[in-house]
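Me: Please take a close look at one part of this model, the surroundings of the ligand. Keep it brisk.

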Amino acid sequence: MALADLTFSRTLKQTNKRIPSFPRLDRAHVLPLVVPVTLIALWQFGSSTGFISDRIMPSPVAVTQAFWSEAASGDLGHNILVSAGRALAGLLVGGTIGFLLGIINGVSKLSEQLTDTTLQMVRTIPHLALIPLVILWFGIGEEAKLFLTSLGVLFPIYLNTYHGVRNVDRDLLEMGRIYGMSRWSLFRKVIFPGALPSIFVGLRYALGIMWLTLIVSESIAASSGLGYMANNAREFMMTDVVVLALVIYALLGKLADVIARRLEGWTLSWNAAYQK
Amino acid sequence: MSLHIHERPATSPSAITTNGATRPDAASTTTQAVSLHLRGVEKRFGDNQVLRGIDLDIEAGQFVAIVGKSGCGKSTLLRLLVGLDQHTGGEIAFRGEDGNPAKADARIVFQEPRLLPWFNVAKNVAVGLGEGVDKDEARTKALAALWEVHLRNKAEEWPSQLSGGQRQRVALARALVSRPGLLVLDEPLGALDALTRISMQTLIARVWRELGFTAVLVTHDVSEAVHLADRVIVLDEGRISLDLAIPQPHPRKHGDAELAELEGKLLAAILKDR
Ligand SMILES: Nc1ncnc2c1ncn2[C@@H]1O[C@H](COP(=O)(O)OP(=O)(O)O)[C@@H](O)[C@H]1O
Ligand SMILES: [Mg+2]
């Protein structure tokens with residue numbers, strides 16, 4: 001009996017091993033897709049039966065067709081690249097400034113007392129409210145968009161980096177001191193990795209704000225980019241292209257989030273909360 | 001974690017194996033133990049005088065346990081010994097085995113292991129070597145120290161994958177990897193369950209016998225103090241109220257009758273005014 005059990009469980013194990021080589025369609029993968037797929041199906045059904053008017057909302061098929069024609073002309077690829085480039089530039093500039101300020105204020109009492117109150121005040125101004133001023137300062141060129149995106153990205157990164165640094169385990173800091181770590185080692189081995197989970201929270205917030213700011217500033221003044229494409233289409237009543245732009249925003253936003261999560265999972269593999 | 005008691009004589013040769021590995025050479029380098037000399041040591045925090053004149057001499061290589069009620073200043077005294085705080089009165093001096101004044105190069109183990117969760121076990125131990133050590137050398141030494149605490153096979157794991165007792169053993173390896181002359185332990189086993197604690201006591205006794213450092217252990221467990229130490233000191237409101245030699249030879253058996261008697265004596269001294 002015991003022997004039979006043993007052989008049985010062994011064959012089970014062997015078959016189990018082979019399963020992952022097939023694409024797995026388990027609950028975890030299927031369930032998140034149920035709602036969007038149903039919505040699209042209903043939407044297509046509503047459009048086909050004339051329940052939803054073309055002028056208000058193009059059908060999914062029409063949006064797909066718009067995708068093919070925009071993609072074929074090369075405009076879509078160009079606009080995506082332009083927008084992504086702007087987004088990354090803003091993230092890089094604003095993210096770096098926010099990160100450095102967060103680290104410095106987290107570590108230095110003097111710097112914190114000098115700048116934190118000011119930063120907290122400026123933070124409460126919605127950065128999009130600065131658009132009129134920014135246009136006066138920079139005109140409607142790339143600088144204006146870079147400025148706005150950087151500003152939007154800066155605060156979530158600053159706040160979360162600062163918070164992360166301030167909340168590094170004091171016992172670990174003392175441990176570093178006991179073992180004679182230099183300031184640089186203390187930063188590299190204790191403070192930065194300790195703050196990293198919080199910095200990632202800031203990054204994910206920042207990604208959302210990055211797209212929002214970019215889209216708004218591109219619809220106001222631009223001659224290329226996704227925001228421009230959507231706004232231009234609106235003037236010509238091309239609802240299919242407008243909706244296409246929305247879909248692409250959603251996909252790019254999701255992509256950015258997936259990349260951030262991957263990065264998170266990879267750098268925080270020590271943390272049980274991020275282990276699969 | 002499975003209970004794993006490592007009983008073996010101090011003089012066992014390099015034939016001992018753990019997990020099939022022979023003892024690494026780096027582990028056999030011994031320590032320059034220091035002796036401690038405290039004269040009228042005081043420590044106050046504002047108006048709160050915590051240590052009120054401690055006179056204490058500890059021979060190089062001796063194992064001393066400090067017991068006493070909570071809040072009597074045990075941790076404060078240990079922090080002075082390793083230079084984490086400065087005393088406000090009196091003198092603390094260290095001498096080498098030759099009798100000349102020496103640097104302490106003391107290490108401390110706390111109740112919490114204080115491991116870096118983002119470093120694997122081997123890298124955590126290498127932190128104990130301090131700055132500017134060659135990478136390969138650091139790793140060799142870290143692995144040797146892990147071998148000492150029977151965790152050589154966990155070198156690549158994250159601290160979060162270890163049990164509480166194993167984490168504390170990593171902390172011990174980190175403290176010992178630089179071969180300090182003085183090891184100070186502040187309730188190192190306080191957070192562990194009773195069985196893990198017994199196996200850890202055996203482990204601490206063994207590394208102490210093998211490496212020969214001077215050890216000062218604070219514990220709230222009187223039987224632990226009696227089991228491990230050559231000498232137990234009772235601290236009461238910032239003063240030494242009893243200094244009791246434990247003459248039994250090492251290694252000691254748990255449940256020894258003479259030790260139990262000494263334990264009773266100590267408990268009476270600690271609880272006298274209740
Ligand atoms: N950093 C500190 N600042 C002020 N008071 C302290 C500090 N550390 C310890 N104390 C005080 O010293 C006394 C002894 O504490 P401690 O040495 O931790 O006791 P224990 O014997 O339980 O280890 C306590 O009254 C505590 O409040
Ligand atoms: Mg204490």
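Reply: H1(B) gives the most to the shell around ligand 1, with three residues. Helices here are DSSP runs of H or I, at least four residues long, strands are E runs of at least two, and both are numbered from the N terminus. This is a predicted model: local features need pLDDT of at least 70, side-chain atom pairs count only at pLDDT 80 or more, and totals for chains, interfaces and linings use all residues. Residues are numbered from 1 along each chain as its sequence is written, chains are lettered from A and ligands numbered from 1 in the order written, and side-chain values use heavy atoms, without hydrogens and water.

The shell includes B:Phe45, B:Asn48, B:Val50, B:Lys69 and B:Lys74. A residue belongs if one of its heavy atoms lies within 4 Å of the ligand. By class, the shell has three nonpolar, six polar and two charged residues. Nonpolar means Ala, Val, Leu, Ile, Met, Phe, Trp, Tyr, Cys and Pro; charged means Asp, Glu, Lys and Arg; the others, Gly among them, are polar.

Now the oxygen atoms of ligand 1. One lies 2.7 Å from a backbone N or O atom of B:Gly71. A polar backbone atom of B:Gly73 is 3.1 Å from a ligand oxygen. B:Ser75 uses its side chain: an N or O atom there is 2.7 Å from an oxygen of ligand 1. The protein covers 56% of the 560 Å² of accessible area (Shrake-Rupley method, 1.4 Å probe) that ligand 1 has on its own. Strand E4 (48–58) and helix H1 (74–81) of chain B are the elements that give two or more residues to this shell.

Terms used. Polar contact = N/O pair within 3.5 Å; in protein donor to acceptor, adjacent residues only side chain to side chain.
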